[in-house]
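Please examine the sequence and the model shown here. The paragraphs that follow lead through selected contacts and elements.

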Amino acid sequence: MAQQVSAFDAQFLNFETATNLAHIAALTILDPSGRPGGALTREDVIALLKRRLHLAPPLRKRLVQVPFGLDHPYWAEDREIDFDYHVRDLALPPPGDDHKLAEQVARLHAARLDRGRPLWEIYLIHGLAEGRVAIYTKVHHAAVDGVTGTEVLAALMDFETEPADVPLPEAAPQEAPDAVEMIIRGVARVLDNPFALLRFVAEAMPRLDEVPFVAQLPGAGLVSRFVRGIGSGAAESLPELPRRVVPRTPFSGPISRHRRFAFGQLPLDEVKRVKNAFGVTVNDVVMAMCATALRRWLVKRDELPRQPLVAGIPVSTRGQAPNGSAANEVMLTMTTLPTDVADPRDRLLSVNRSMRLIKERLAAAPAAWLLEFSQAMPAALSALAARSAFRIASRAAPAMNLLVSNVPGPQLPLYVCGARVTALYPMSVITDVSGGINITVFSYDGRLGFGVVTDRDMVPDVWDLIDYLRDSLAEYGALAGRARPRPRRARRGGAG
């Protein structure tokens, strides 16, 4: 039988509006010169998808709504995918440079996916300089997170120029329950909600200081400390988190429906050299580079807050969802980006301390309580609650300034229909609550690919951030050349 959308995944459907969109994407740059005729066509991509679609379950799933909105929707397999709709091609006007490509992709990223179809689209983009082509792929966040999104891309790629033959499994399509059964299940879930709420309270009260927006409310930390003090077990030993004040920035507040996008690559070996010189992690260096780039952007506009920025950091919770029920096995934790620290070395070490605290917190107690939180609210109310919370949070006090995510990828060359993948740039979500900047990083074949999505009006000069990231790595590289190697502290698990 078809799998139901988990309560956690349903939140990505519930908060979506005309401006708050909930899909994630990737921009893949390809060199088709090794293919026959040196070209890659839409027909080639469709033929590959038809052979490989069984390896990417999210591309076969469509939503089936429960009558009266009584429960969360179900995923059912679409028997016949309309490839003419889902796979499209277009050409850039000359000159087909990176800026023209980014403008086109930003327009595609600003369009909402059709809920009546499987929640994905692929665009083959021609007209790039030097004969290159690009593939823009977007999938709804309710169906994938950063890790499973990478797995969807991997299903369409090969480690050799010749696409491998992958046998089709013999399995019947998963059908959604009929309307009567969905209503019966929905009623049963409503009856179970009081017990789910009790479970959530027991798990979440000691960790209110981790919840975005809630952590900013006066007294949240005090309540958490009090409950931990009278409790026992893992929650009692949770490390103390500082109360973070989220400053106002030019990219705080409600966003528009328009996007800007910029991308760039940096050498992973150089990031590792900095990491080794200072005894930190690759993720620490990436976060410090982001802090440096944002500091420079804010200083240029005379908008630098006295307080550090607060960034939302997705952290994997793989294995904590019951029966693999959630497509998104990730929680959002918070950390400071020390944009208020003038010295770059101190900035990096500040990031390292903040990230270590997150790791210690997650090592002390798992993050499964967040899944309980999603289950605690009746499905019929969750959409209204999600949108109301977004409106209140975006206008009262920002929950964070931006989102930063770092996703590891393969370090070997990949091919699509024999065309070599020369770069992979991730694209993610901006919202009223999370702020008008999202920086996502994906490592591939010895490079870090940075994808920066912004609100068009809040951050019109998005390419400056890519330039500042390059400058930051150069600055840290110079410091690393003068630094004595610093011993790494033992890792205790968790994020990064």
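**Salt bridges, strands and a helix**

Asp 158 and Arg 52 form a salt bridge, their closest N and O atoms lying 2.8 Å apart; the term denotes a side-chain nitrogen of Lys or Arg within 4 Å of a carboxyl oxygen of Asp or Glu. This pair links distant parts of the chain, 106 residues apart: Asp 158 belongs to the loop between helix 5 (146–155) and helix 6 (179–204), and Arg 52 to helix 2 (residues 42–52). Helices (H or I, at least four residues) and strands (E, at least two) are DSSP runs, numbered from the N terminus. Asp 158 and Arg 52 are both buried, where buried means under 20% relative accessible area, exposed over 50%, and partly exposed in between, with a 1.4 Å probe and protein chains only.

The model is predicted: local features need pLDDT of at least 70 and side-chain atom pairs count only at pLDDT 80 or more, while totals for chains, interfaces and linings use all residues. Residues are numbered from 1 along each chain as its sequence is written, and side-chain values use heavy atoms, with hydrogens and water left out.

By the salt-bridge rule, the count comes to 19. Another of these pairs joins the side chains of Arg 62 and Asp 78, at 4.0 Å from N to O. Arg 62 lies in strand 2 (residues 61–64) and Asp 78 in the loop between strand 3 (74–77) and helix 3 (83–86), so the contact ties together parts that are 16 residues apart in sequence. Arg 62 has a relative accessible area of 27% and is therefore partly exposed. Asp 78 is also partly exposed, at 21% relative accessibility.

A further salt bridge connects Asp 461 with Arg 301, with 1.8 Å between the closest N and O atoms. Here, too, distant parts of the chain are linked, 160 residues apart: Asp 461 is in the loop between strand 14 (447–455) and helix 13 (463–482), and Arg 301 is in the loop between helix 9 (282–300) and strand 8 (309–316). Asp 461 is partly exposed, with a relative accessible area of 22%, and Arg 301 is partly exposed at 24%. Both residues belong to a network of salt bridges that links Lys 300, Arg 301, Asp 461 and Asp 464.

Attention now turns to the strands. Seven of the nine residues of strand 12 (residues 419–427) are buried, so this strand is largely enclosed by the rest of the structure. Strand 12 pairs with strand 1 (residues 23–31) in the antiparallel sense over seven bridges; two strands pair if DSSP finds at least two bridges between them. Within this pairing, Ala 25 has Met 427 of strand 12 as its bridge partner. Strand 11 (residues 415–416) also pairs with strand 12 in the antiparallel sense, over two bridges, and Tyr 415 has Arg 420 of strand 12 as its bridge partner. Two residues lie between strand 11 and strand 12 in their hairpin, where Cys 417 takes a positive phi near 55°.

Cys 417 counts as buried at 8% relative accessibility, and Cys 290 counts as buried at 0%. The structure holds zero disulfides, a disulfide being a pair of cysteine sulfur atoms within 2.5 Å.

Helix 4 (residues 98–109) has 12 residues and reaches 16 Å from its first C-alpha to its last, close to the expected 16 Å; the expected span is 1.5 Å times one less than the number of residues. Its buried residues are Leu 101, Ala 102, Gln 104, Val 105, Ala 106, Leu 108 and His 109.
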